[in-house]
Amino acid sequence: MGMKMKREAHGDMLLSTSPPQSPPRPPMLRLPFAVASLGWPLGVSSLVGGTVATWYSSLLIASLWRWDGKKHTTYRHLAQSIYGSWGYWSIAFFQQVASLGNNIAIQIAAGSSLKAVYKYYHPNGTLTLQHFILFFGAFELFLSQLPNIHSLRWINAFCTLSTIGFAATTIGVTIYNGKKMDRKFISHSLQGSSSAKVFKAFNALGAIAFSFGDAMLPEIQSTVREPVRKNMYKGVSAAYTVIVLSYWQLAFSGYWAFGSEVEPYIVASLTTPRWTTVMANLFAVIQISGCYQIYCRPTYAYFEGRILSKPNNRLPIVAFLLRLFYTSIYMGLITLVSSAMPFFGDFVSICGAIGFTPLDFVFPVLAHIKAGRRPQNIKLRFPVLFLNITIVLWFSIVAVLGCIGAVRFIILDTKTYRFFHDM
């Protein structure tokens with residue numbers, strides 16, 4: 001059937017014969033496997049529901065940008081304006097968990113993609129995953145010297161184009177591979193024992209929920225031209241149009257092409273032509289390089305608020321040296337953890353549950369209610385309130401289930417963990 005991966009039983013789970021804790025990749029690469037873990041009806045409905053819910057919560061956050069007449073340029077200060085100091089520190093904690101977990105995963109993903117390109121041209125090359133993680137870390141340290149997200153706008157635009165190129169390449173090759181295979185041997189039924197299906201479903205729900213994180217939206221809004229709210233609505237809607245055209249197509253085409261045997265990361269299922277895998281990996285590195293910067297900026301903002309607020313530290317040369325110092329410490333720690341823990345992919349769902357769910361689903365809805373924002377049409381007030389409460393409850397449950405599924409995989413994979421392993 002063109003499948004390169006053999007499988008063997010491990011308890012009631014199905015694990016590949018290669019190391020089970022594959023390096024984390026861009027979230028969209030997990031979507032075909034997530035849909036396959038749920039089946040067509042539940043998989044499609046979960047993907048559509050997750051997309052609509054995150055689009056809706058993004059609009060709620062955008063609407064609160066100046067809810068009290070004041071400009072709130074960070075998520076933390078928006079939370080403080082609504083809930084007080086405990087709101088500020090709560091959001092700071094959730095953002096930090098999401099940022100650290102996401103950036104560690106991104107750095108491992110970038111390193112593994114760069115290594116895949118290197119191995120294509122140098123099959124017997126001696127460079128390891130840790131070398132490429134270090135190379136990517138050095139590049140991100142360079143980008144970290146740019147003062148703010150606004151200064152990264154051209155890089156982020158390039159990353160957006162790379163996302164489209166990445167999705168188009170992967171979708172095209174997936175369909176090509178699917179048509180080359182004997183469709184009689186492709187099964188779309190759920191595989192494994194009852195318990196295996198349940199835990200795979202838990203992980204799948206978590207992967208879908210955590211694929212659309214907007215945990216830094218207020219920070220992005222501060223760079224948008226006037227009128228901010230209107231342009232932010234347009235930007236969010238445009239972003240989710242791209243998601244529908246790329247994420248959905250990749251998820252559905254991947255499941256159609258490879259059925260229940262699709263690999264956890266769709267690129268691993270692709271066999272021909274090989275050069276397209278190189279393109280997909282290069283697009284992936286470019287795409288996530290901008291995402292990395294977005295998620296490290298809240299940490300940088302904290303240091304800037306503490307250090308650069310002092311008059312003596314505002315001199316250009318002093319400010320540059322201080323910025324170089326604390327960004328180097330941050331990048332050094334992330335690079336060290338990424339190099340030492342290439343199996344960190346098993347922990348991504350937990351970081352997503354603790355970090356992204358409160359930021360993406362719980363806070364936007366509760367903040368919207370707390371701020372007294374209600375539809376002008378009285379008939380719509382109860383349906384909107386019911387929708388908001390439903391989103392909070394459902395995605396809180398999804399976060400718990402995602403954690404349960406992730407802990408299950410971590411327990412099963414613990415024996416295979418090796419620090420500084422060249423995966």
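**Figure 1. Contact between helices α5 and α11 in the predicted model.** In this predicted model, Gln130, Ile133, Leu134, Gly137, Glu140 and Leu141 of α5 are in contact with Thr327, Ser328, Met331, Thr335, Ser338 and Ser339 of α11. By class, the residues of the contact of α5 with α11 comprise four nonpolar, seven polar and one charged. Helix α5 spans residues 129-143 and helix α11 spans residues 316-340; their axes come within 10 Å and cross at roughly 160°. Angles over 145 degrees count as roughly antiparallel, and α5 and α11 are therefore roughly antiparallel to each other. The handedness of the crossing of α5 and α11 is right-handed.

**Figure 2. Packing of helix α6 against helix α10.** The axes of α6 and α10 lie 8 Å apart, and the two helices pack at an angle of about 145°. The crossing of α6 past α10 is left-handed. On the α6 side, the contact is made by Asn156, Phe158, Cys159, Ser162, Thr163, Gly165, Phe166, Thr169, Thr170 and Val173. The contact of α6 with α10 has ten nonpolar and ten polar residues, with no charged residues.

**Figure 3. Packing of helix α1 against helix α2.** Helix α1 covers residues 31-38 and helix α2 covers residues 40-63; the pair packs at an angle of about 135°, with axes 6 Å apart. Helices α1 and α2 are therefore oblique to each other. Their crossing is right-handed. Leu31, Val35 and Leu38 of α1 meet Trp40, Leu42, Gly43, Ser46 and Leu47 of α2. In the contact of α1 with α2 there are six nonpolar and two polar residues, and no charged residues.

**Figure 4. Nonpolar cores.** The largest nonpolar core contains 54 residues, and those with the most contacts inside it are Met28, Leu29, Leu31, Phe258 and Ile266. At least two residues of this core are supplied by each of α1, α2, α6 (153-180), α7 (194-209), α9 (228-258), α10 (274-307), α12 (348-370) and α13 (378-413). Helix α9 provides the largest share of this core, eleven residues. A second, separate core has 21 residues and includes Phe136, Tyr292, Ile334 and Phe344. One of the residues with the most contacts inside the largest core, Leu31, also belongs to the contact of α1 with α2.

Figure 5. Ser113 is located in α4, which comprises residues 85-121. With a relative accessibility of 2%, Ser113 counts as buried, because buried means under 20% relative accessible area. Neighbours within four places in sequence aside, Ser113 is in contact with Asn281, Ala284 and Val285.

Figure 6. Gln293 is a residue of α10. The relative accessible area of Gln293 is 1%, and Gln293 is buried. Not counting residues up to four places away in sequence, Gln293 touches Glu140, Leu143, Ser144, Leu152 and Tyr300.

**Figure 7. Leu387 in helix α13 and its separation from Val365.** Leu387 lies in α13. At a relative accessible area of 39%, Leu387 is partly exposed. The C-alpha atoms of Leu387 and Val365 are 9.3 Å apart in space, while the two residues are 22 apart in sequence.

**Figure 8. Backbone of Phe420 after helix α13.** Phe420 is found in the segment that follows α13. Although Phe420 is not a glycine, its phi is positive, at about 55°. Phe420 has a relative accessibility of 48% and counts as partly exposed.

**Figure 9. The chain as context for the close-up views.** The secondary structure comes to 13 helices and two strands. Of the 423 residues in the chain, 51% are buried. Among contacts between residues at least 6 apart in sequence, 82% join residues at least 24 apart.

Key: Residues numbered from 1 in each chain as written. Predicted model: local features only at pLDDT ≥ 70, side-chain atom pairs only at ≥ 80, totals over all residues. Heavy atoms only, no water. Axes fitted to C-alpha atoms, helices over the stretch in contact; angles between N-to-C directions. Helix = DSSP H or I, 4+ residues; strand = E, 2+ residues; numbered from the N terminus. Parallel < 35°, antiparallel > 145°, perpendicular 65-115°, else oblique. Left-handed = near helix turned anticlockwise from the far one by under 90°. Contact = heavy atoms within 4.5 Å. Nonpolar A, V, L, I, M, F, W, Y, C, P; charged D, E, K, R; others polar. Core = buried A, V, L, I, M, F, W, Y, C linked by side-chain atoms within 4.5 Å. Buried < 20%, exposed > 50% of the residue type's maximum accessible area, 1.4 Å probe, protein only.
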